[in-house]
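Open the model in your viewer and keep the selection panel handy. We will walk from one stop to the next, picking out what is worth a look at each.

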Amino acid sequence: MARLPLIFAPDPRLKKVATPVSSVDAPLVGLIDDMLETMYAANGIGLAAPQVGELQRVIVVDIAGKNEPPQPFGLVNPEIIWADDTLTTYNEGCLSLPEQYSDVVRPQAVRVRYLDRHNQPQEVQADGLLATVLQHEIDHLNGLLFVDHISLLKRNMILRRLKKWKKAGDDV
Ligand code: NI
């Protein structure tokens with residue numbers, strides 16, 4: 001397994017639509033494991049392949065608490081096949097937008113169809129935090145960030161802060 005370099009917003013690579021995976025083979029399982037390692041190293045609870053420069057429809061998630069055993073979850077070609085009418089608000093962050101948070105409103109439950117690491121079709125019904133994380137990560141596969149769900153004013157404020165932060169990093 002290897003840690004992969006994260007891409008930070010604003011970056012055109014985060015705005016692209018990712019390509020469906022034709023079949024889950026050994027290199028793709030390797031990507032899932034590398035993404036999990038990268039996510040854990042960054043203390044994240046979700047990561048999408050475009051965030052590490054891979055334009056494929058792959059996401060990883062683990063919402064286990066600090067004192068719980070890890071629950072690594074890799075989803076290939078995830079697709080929301082049902083979303084609850086009831087909405088919920090969660091204060092979201094993103095590994096591609098370090099230290100930026102905003103309330104985002106989304107359906108409180110979803111049903112997601114995906115391929116597992118054995119190339120088998122599966123479905124998961126999720127609510128609460130897992131539903132939020134799955135929707136956030138699937139958004140990444142469609143070139144959407146959590147800031148695309150908030151007001152233009154707030155979005156521009158966050159992106160300006162990130163631009164400044166990236167520029168400061170470049171100067172070091
Ligand atoms: Ni994210």
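Begin with strand S3, residues 73-83, and click on Asn77, which sits in it. Helices and strands here are DSSP runs (H or I of at least four residues for helices, E of at least two for strands), numbered from the N terminus. A word on the ground rules: this is a predicted model, where local features need pLDDT of at least 70, side-chain atom pairs count only at pLDDT 80 or more, and totals for chains, interfaces and linings use all residues. Residues are numbered from 1 along each chain as its sequence is written, and side-chain values use heavy atoms, with hydrogens and water left out.

**Backbone stops**

Check the phi of Asn77: it is positive, near 50°, in a residue other than glycine. Most residues other than glycine have a negative phi, and most peptide bonds are trans. Next, select Glu99, in the loop between strand S4 (87-92) and strand S5 (102-107). Its phi is also positive, near 60°. Glu99 counts as exposed because its relative accessibility is 72%; the cut-offs are under 20% of relative accessible area for buried, over 50% for exposed and partly exposed in between, with a 1.4 Å probe and protein chains only. Then go back to the segment before helix H1 (26-41), where Pro10 is found. The peptide bond joining Ala9 and Pro10 is cis, with omega about -5°.

**Strand S6 and its partners**

Now select S6, residues 109-115: five of its seven residues are buried. Which way do S3 and S6 run relative to each other, parallel or antiparallel? They are antiparallel and joined by five bridges; two strands pair if DSSP finds at least two bridges between them. To see one of these contacts, show Val76 with its bridge partner Leu115 in S6. Strand S7 (residues 121-127) also runs antiparallel to S6, with seven bridges joining them. Here Arg111 stands opposite Gln125 in S7.

**The nickel ion**

Select the nickel ion together with Cys94 (SG), His136 (NE2) and His140 (NE2), which coordinate it at 2.1 to 2.2 Å. Donors are N, O and S atoms within 2.8 Å of the metal (3.2 Å for Na, K and Ca); water is not among the atoms, so sites may look incomplete. The donor residues follow the spacing C-x41-H-x3-H in sequence. Cys94, in the loop between S4 and S5, and His140, in helix H2 (residues 128-141), are 46 residues apart and link distant parts of the chain. Both Cys94 and His140 are buried.

On a 1 Å grid over the protein atoms alone, a pocket is an open set of points where a 1.4 Å probe fits, with protein on both sides within 12 Å along at least five of seven lines; lining residues have an atom within 4 Å of a point. Of its 21 lining residues, Ile45, Gly93, Cys94, Leu95 and Tyr101 are the closest to the centre. H2 gives the largest share of this lining, five residues.

For the last stop, pick the second largest pocket, with a volume of about 300 Å³. Its lining includes Tyr40, Ile45, Asp62, Lys66 and Pro70.

How values were computed: Grid points are joined across faces, edges and corners, and a volume is the space filled by probe spheres set on the points.
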